[in-house]
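Thank you for making the time this morning.

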Amino acid sequence: MINTIPSGAPATTGFEAIEPIEAYLMDMDGVLVRGAQVIPGAADFIAWLRAQDRRFLILTNSSVYTPRDLQARLAHIGLDVPAEAL
Ligand SMILES: [Mg+2]
């Protein structure tokens, strides 16, 4: 979700409204992914959090998969997150 801006204007990310928030907790299923699909904007948002060194945790009530399993599953569908964030 990187906005295209006219030359000379400051770069915007679309995430300015949430810039003051220091740490984020978010649900995985239905928020970042739906089944095997990344929800539009989710990958950009996670990339922004990582670029900003913002702390975040992705929560799920799935007890079947380890964080490494979830990391691999998310990477496979295009969402790059460290296992430590799951
Ligand atoms: Mg959910």
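Predicted model: local features only at pLDDT ≥ 70, side-chain atom pairs only at ≥ 80, totals over all residues.

Residues are numbered from 1 along each chain as its sequence is written.

When I speak of helices and strands, I mean DSSP runs numbered from the N terminus, with helices being H or I of at least four residues and strands being E of at least two. On that basis the protein has two helices and four strands, and, read along the sequence, they follow the pattern β-β-β-α-β-α.

Of the 86 residues of the protein, 14% count as buried.

Now, staying with helix 2, which spans residues 67-77, which of its residues are buried? They are Leu70, Gln71 and Leu74. These residues cover an arc of only 100° around the axis, which puts them on the same side of helix 2, where the arc is that of the directions from the helix axis to the C-beta atoms. On the other side of helix 2, Arg68, Ala72, Ala75 and His76 are exposed.

For the packing I need the word contact, which means that the C-beta atoms of two residues, placed from the backbone, lie within 7 Å. What covers the buried residues of helix 2 includes strand 2, residues 33-34. Leucine 70, leaving aside its neighbours within four places in sequence, is in contact with Thr60, Tyr65 and Leu86.

Let us turn to helix 1, residues 42-51, whose buried residues are Ala42, Phe45, Ile46 and Leu49. They cover an arc of only 95° around the axis, which puts them on the same side of helix 1. These buried residues pack against strand 1 (23-27), strand 2, strand 3 (37-38) and strand 4 (55-59).

Where do the helices come together in a core? A nonpolar core here is a set of buried Ala, Val, Leu, Ile, Met, Phe, Trp, Tyr and Cys residues joined through C-beta atoms within 7 Å. The largest one has 11 residues, namely Leu32, Val33, Ala42, Phe45, Ile46, Leu49, Ile58, Leu70, Leu74, Leu79 and Val81. Helix 1 and helix 2 each supply at least two residues of this core, and the largest share, four residues, comes from helix 1. As general background, nonpolar side chains in soluble globular proteins tend to be buried together.

For context, most residues other than glycine have a negative phi. With 6 C-beta neighbours inside 10 Å, aspartate 53 counts as exposed.

Next come the strands, where pairing means that DSSP finds at least two bridges between two strands. Strand 1 and strand 4 pair in the parallel sense over five bridges, and leucine 25 stands opposite leucine 57 in strand 4. Of the five residues of strand 1, the number buried is zero, so strand 1 lies largely in the open.

Arginine 55 is placed in strand 4 and, with 12 C-beta neighbours inside 10 Å, counts as exposed. Leaving aside its neighbours within four places in sequence, arginine 55 is in contact with Glu22 and Ala23.

Finally, consider methionine 28, in the loop between strand 1 and strand 2, which is partly exposed, with 19 other C-beta atoms within 10 Å. How far apart are the C-alpha atoms of methionine 28 and threonine 60? They are separated by 5.6 Å, although the two residues are 32 residues apart along the chain. Across the protein, residues 24 or more positions apart account for 64% of the contacts with a separation of 6 or more.

Notes: Buried ≥ 20, exposed ≤ 12 C-beta atoms within 10 Å, placed from the backbone.
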